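Keep the sequence and the 3D view open beside the text as you read.

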Amino acid sequence: MKGALELLQRVSAHPDARCWYVAWSPSGTLLASCGGDRAIRIWGKEGDSWECKCVLADGHQRTVRTVAWSPCGKYLASASFDATTCIWKKTNDDFESLTVLEGHENEVKCVTWAPSGNLLATCSRDKSVWIWEVDEEDEYECVSVVNSHTQDVKHVVWHPTQELLASASYDNKVCIYKEEDDDWECRATLEGHESTVWSLAFDPEGQRLASCSDDRTVKIWKESTLGDGSSDESWKCVCTLSGFHGRTIYDVAWCRLTGALATACGDDGVRVFKEDPTVDPEQPVFFMSAHVPKAHGQDVNCVSWNPKEAGLLATCSDNGEFAIWKYNSDS
Amino acid sequence: MEEKALEVYDVIRTIRDPEKPNTLEELDVVTEKCVEVQELGDEEYLIIIRFSPTVPHCSLATLIGLCLQVKLQRCLPFKHKLEIYITEGTHSTEEDINKQINDKERVAAAMENPSLREMVEQCVTEPDD
């Protein structure tokens, strides 16, 4: 049952700066990276190696923290410490800046596109989560500003099938949001982590949520259901992975194709966890299937599973590099 | 290990206090004993620094923490992980300050703020830099 992570390629993507985030395009053929050099780079495979196809250098005045592809793959959103979110439109092999979303009072930490393609969410150190609607004419409008967190909001992620949003914060909590009468509101607060929650990931079916934290644990949460199967809107922590990570866990990613869970850690390591199939799913047990202790020379900030090719994983680091790995569950 | 601790101390002792015309060493904000070094593995060390700000003012304590982060990141020649804390009992909001200082995303964003960056540069730049 032991797996392995094989390094395919290492790329020096953002010279002399941190690489904060990497995101695969929906087709799985392009990788977007962003970082402390204020640029976004788009990478594509040429033969056996990943080459830079495009550099988007003039979109932001400060660090670009997160990039996110629209579900159709035609747009890219970038969130920056300059307090703006830029929307880029893909035209042939290039990207042009379509619009800039303003409103947050300070650094935007994350941007994420809903699976429907019509909604976008952003979050910021200003403690708020903003939900934006896009119409057919590429017009963006903020439809809700939600202030449920008491501190810096680090990450936002949409549910894979329902119109439900989750956010992670420096206040050690996770919030779940739903729309009620045209307004988005916090419907549940998940408490349990002992320090900043850095990132979140839903499982492929959207039944469970994984969170990772500065407290060096990953928690798995499940929505409680009442006797008739309907939700009572509260979430319980059904599993805590502790003792595996040496330092802050900056990112967690749940593979849509295989169900494997990957983590990015401040101890420079990348780990992959698998669920024990023999155990009751109400009280899941995860075991560490693969571990590369020095995946990068510095902190690993992000981990992302390729949406089309099972086992293909991208990671990036404080040393400005990203790396592509192949994960095999039985080696 | 002691050698490594001294190497670290050498980097931080000359950092200037944001308010007073003295170094952190002169003001006893940092001392040789405030540096702890643990071996993490292959030529990599965990460095823990506990500093005592002279006044309980929150923003100055955070600023000193920021200066420590920045100078060590720039000047330490060996592979390391860093933890910086206010000495226990020296501040009423020490947990809040410690959390901020050790959040690398907050530190990075602070250094992109021109006025904060200027203040830090003034404290960490050596005269012959």
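This is a predicted model: local features need pLDDT of at least 70, side-chain atom pairs count only at pLDDT 80 or more; totals for chains, interfaces and linings use all residues.

Residues are numbered from 1 along each chain as its sequence is written, chains are lettered from A and ligands numbered from 1 in the order in which they are written, and side-chain values use heavy atoms, with hydrogens and water left out.

**Empty spaces**

Rolling a probe the size of a water molecule over the atoms shows where empty space is left. On a 1 Å grid over the protein atoms alone, a cavity is a set of points where a 1.4 Å probe fits but cannot get out; a pocket is an open set with protein on both sides within 12 Å along at least five of seven lines; lining residues have an atom within 4 Å of a point. Grid points are joined across faces, edges and corners, and a volume is the space filled by probe spheres set on the points. Searching the whole structure turns up 2 cavities of 30 Å³ or more.

In the table, Ala, Val, Leu, Ile, Met, Phe, Trp, Tyr, Cys and Pro count as nonpolar, Asp, Glu, Lys and Arg as charged, and the others, Gly among them, as polar.

| Space | Volume | Lining residues by class |
|---|---|---|
| Largest cavity | about 60 Å³ | 3 nonpolar, 4 polar, 4 charged |
| Second largest cavity | about 30 Å³ | 4 nonpolar, 1 polar, 3 charged |
| Second largest pocket | about 1,000 Å³ | 30 nonpolar, 6 polar, 2 charged |

Among the residues around the largest cavity are A:Tyr21, A:Arg65, A:Lys154, A:Trp198 and A:Asp251. Two or more lining residues of the largest cavity come from each of β6 (64–69), β14 (153–158), β18 (197–202) and β22 (249–254) of chain A. The lining of the second largest cavity includes B:Asp17, B:Lys20, B:Leu60 and B:Ile64.

The second largest pocket is lined by 38 residues, and those closest to its centre are A:Trp24, A:Thr112, A:Val157, A:Arg256 and A:Ser304. A:Thr112 sits in strand β10 of chain A, and this strand supplies at least two residues of the pocket lining. A:Thr112 has 11% relative accessibility and so counts as buried (under 20% relative accessible area; exposed is over 50%, partly exposed in between; 1.4 Å probe, protein chains only). Beyond four places in sequence, its contacts (heavy atoms within 4.5 Å) include A:Ala68, A:Val157 and A:Leu165.

**Cores and chain B**

A nonpolar core is a set of buried Ala, Val, Leu, Ile, Met, Phe, Trp, Tyr and Cys residues joined through side-chain atoms within 4.5 Å. The largest one has 38 residues, and B:Val30, B:Phe51 and B:Leu68 are among those touching the most other members. Its largest share, 9 residues, comes from α2(B). A second, separate core of 30 residues includes A:Val22 and A:Trp88.

Helix α2 (residues 58–75) of chain B is largely enclosed by the rest of the structure, because 13 of its 18 residues are buried.

**A contrasting residue**

A:Glu6, in strand β1 of chain A, is partly exposed at 44% relative accessible area. Its C-alpha is 9.0 Å from that of A:Val292, 286 residues apart along the chain.

Conventions
Helices (H or I, at least four residues) and strands (E, at least two) are DSSP runs, numbered from the N terminus. The expected span of a helix is 1.5 Å times one less than its number of residues.
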